[in-house]
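Welcome, and please have your viewer ready. We will go from one selection to the next and look at what is there.

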Amino acid sequence: SELRRALEYLGRSKLLSKSIVELADEELDRKTKEITDAVASLSRQKIGALIILEREIGINDVIETGTLIVGKISSSLLINIFIPNTPLHDGAVVIRGDKIMAAGCFLPLSENSNLSKELGTRHRAGIGITENSDAIAIIVSEETGAISIAREGKLSRFLDIDTLTRIIKESYSEDNNHALIKLKWRQKND
């Protein structure tokens, strides 16, 4: 009974909660670094890429169109997926949490008639998935190596790695905050 009381105390204390948050922050930093390192390398080499970060709204229908991977996020895996003339380089990679779920995925193209005519299929697909979900699309241009990001049907172009890092961390932090709020609500109502 004393051990149970001690564990209950630890569960309620901020000490345990803080260490969980710190571990989550370390994982977020690692995940973000792996993604941004890959994007920076692909950008330098002018290798086109389309990386989708799934958020609250699941995109299983998109994952099912590609080749299932379910692997740990790593810059080397992301880079290898997008090497030209390999089976998976055309299409998108979908990341869910800390896993690369699938590669070579097909995305819905944006039907926005106001988009610039200079935007190709990769950019239109990146915008399209963000019109239909809360996902974030990271796009590397094959022609220029420019880095873009699509959110909520809007495209931000010519980003540097620091800006990309900040956007990724902010989006994952928002997701973590939503998950904590849901968990606290469930605990309160159970």
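## A tour of salt bridges

Start by selecting Arg166 and Glu170, whose side chains meet in a salt bridge with an N to O distance of 3.2 Å. Keep in mind as you look that this is a predicted model. Now show the helix around the pair: both residues belong to helix H6 (residues 161-189), where they sit four residues apart, about one turn of the helix.

Next, select Lys33 and Asp37. Here the side chains form a salt bridge at 2.8 Å, N to O. This pair lies in helix H2 (residues 14-45), and because the two residues are four apart there, about one helical turn separates them. Asp37 has a relative accessibility of 32%, so it counts as partly exposed.

For the last stop, select Glu54 and Arg96, another salt bridge, with 2.5 Å from N to O. This pair links distant parts of the chain, 42 residues apart: Glu54 is in the loop between strand S1 (49-53) and helix H3 (60-63), while Arg96 is in strand S3 (residues 92-96). Is Glu54 buried or exposed? Its relative accessibility is 8%, under the 20% cut-off, so Glu54 counts as buried.

Would you like to keep exploring? A search of the whole structure finds seven salt bridges, including the pairs Arg166 and Glu170, Lys33 and Asp37, and Glu54 and Arg96.

How values were computed: Residues are numbered from 1 along each chain as its sequence is written. This is a predicted model: local features need pLDDT of at least 70, side-chain atom pairs count only at pLDDT 80 or more; totals for chains, interfaces and linings use all residues. Side-chain values use heavy atoms; hydrogens and water are left out. A salt bridge is a side-chain nitrogen of Lys or Arg within 4 Å of a carboxyl oxygen of Asp or Glu. Buried means under 20% relative accessible area, exposed over 50%, partly exposed in between (1.4 Å probe, protein chains only).
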